[in-house]
Amino acid sequence: MTTGTEGAYEDLLRRLRVLEDEEALRRLMIRGWRALDRKDWRAWIECWAEDAVLEFGPWGEIRGREAVRAKVEEAEAHFPSMQHHILNMDFQVEGDRATGVGYMWFVAVTGSERSSSPYSMGGPYDWDFRRRPEGGWHLVRQTLGVWWTDGEATPPGLGQGPA
């Protein structure tokens, strides 16, 4: 039987683990999406589980880490520079699983001569994560919706905007 002090200590440790996990998830997403902007495909895809699933309206469902990497690399090859902003991230940790939500604001230059009129789009992210056996987290599933676009017509590889 635990005393009140022991119970409070265990509760404090549990809450600290959740806070550390939430910070680790936030850092995973920021590290990964900064690598995406640099087109460092190896660093970006290391954030994903082998059995990862990417759901994106125009593309449907893509299964497997290497298939996800290939599709995103192909689609973003058209952009000389880009920025993926992940906004309002919120995570819920439950043991070795976690979920998250956020918003995407994607801005890209579609050609070196067009840097003053970039293409942009935004919408919601939904994520599922799993703790890695060796520690840390990886992304298991990402669902991305497109609520709006701005700028030029939809660039090649991104499909159509919102339905």
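Colleague: Is R65 buried, partly exposed or exposed in this model?
Modeller: This is a predicted model, and in it R65 has its place in helix α3. The relative accessible area of R65 is 17%, and the cut-off for a buried residue is under 20%. R65 therefore counts as buried.

Colleague: Which residue has a backbone oxygen that lies 2.9 Å from a polar atom of the side chain of R65?
Modeller: When neighbours within four places in sequence are left aside, R65 is in contact with I45, E46, W48, A49, E50 and A52. For one of these residues a distance to a polar atom of the R65 side chain can be given, namely 2.9 Å from a backbone oxygen. That backbone oxygen belongs to W48.

Colleague: How many residues line the largest cavity, and which element supplies the largest share of the lining?
Modeller: A search of the whole structure finds one cavity of 30 Å³ or more, and about 190 Å³ of space lies in the largest cavity. Its lining has 17 residues, and W59, V72, E76, H84 and L144 are those that lie nearest the centre. Among the elements that each supply at least two lining residues are α1, α3 and β4, but the largest share, three residues, comes from β1.

Colleague: Where does K39 lie, and what is its phi?
Modeller: Most residues other than glycine have a negative phi. K39, which is not a glycine, has a positive value instead, and its place is in the loop between α1 and α2. With 28% relative accessibility K39 counts as partly exposed, and its phi is near 60 degrees.

Colleague: Is N88, another residue with a positive phi, buried or exposed?
Modeller: N88 lies in strand β3, which covers residues 81-94, and has a phi of about 50 degrees although it is not a glycine. Its relative accessibility is 61%, and the cut-off for an exposed residue is over 50%. N88 therefore counts as exposed.

Colleague: What percentage of the residues in the protein chain is buried?
Modeller: The protein chain has three helices and seven strands, which run α-α-β-β-α-β-β-β-β-β from the N terminus on. Of the 163 residues in this chain, the buried ones make up 37%.

Conventions:
Residues numbered from 1 in each chain as written. Predicted model: local features only at pLDDT ≥ 70, side-chain atom pairs only at ≥ 80, totals over all residues. Heavy atoms only, no water. 1 Å grid on protein atoms, 1.4 Å probe; cavity = no way out; pocket = protein on both sides within 12 Å on 5 of 7 lines; lining within 4 Å. Points joined across faces, edges and corners; volume = space filled by probe spheres on them. Helix = DSSP H or I, 4+ residues; strand = E, 2+ residues; numbered from the N terminus. Buried < 20%, exposed > 50% of the residue type's maximum accessible area, 1.4 Å probe, protein only. Polar contact = N/O pair within 3.5 Å; in protein donor to acceptor, adjacent residues only side chain to side chain. Contact = heavy atoms within 4.5 Å.
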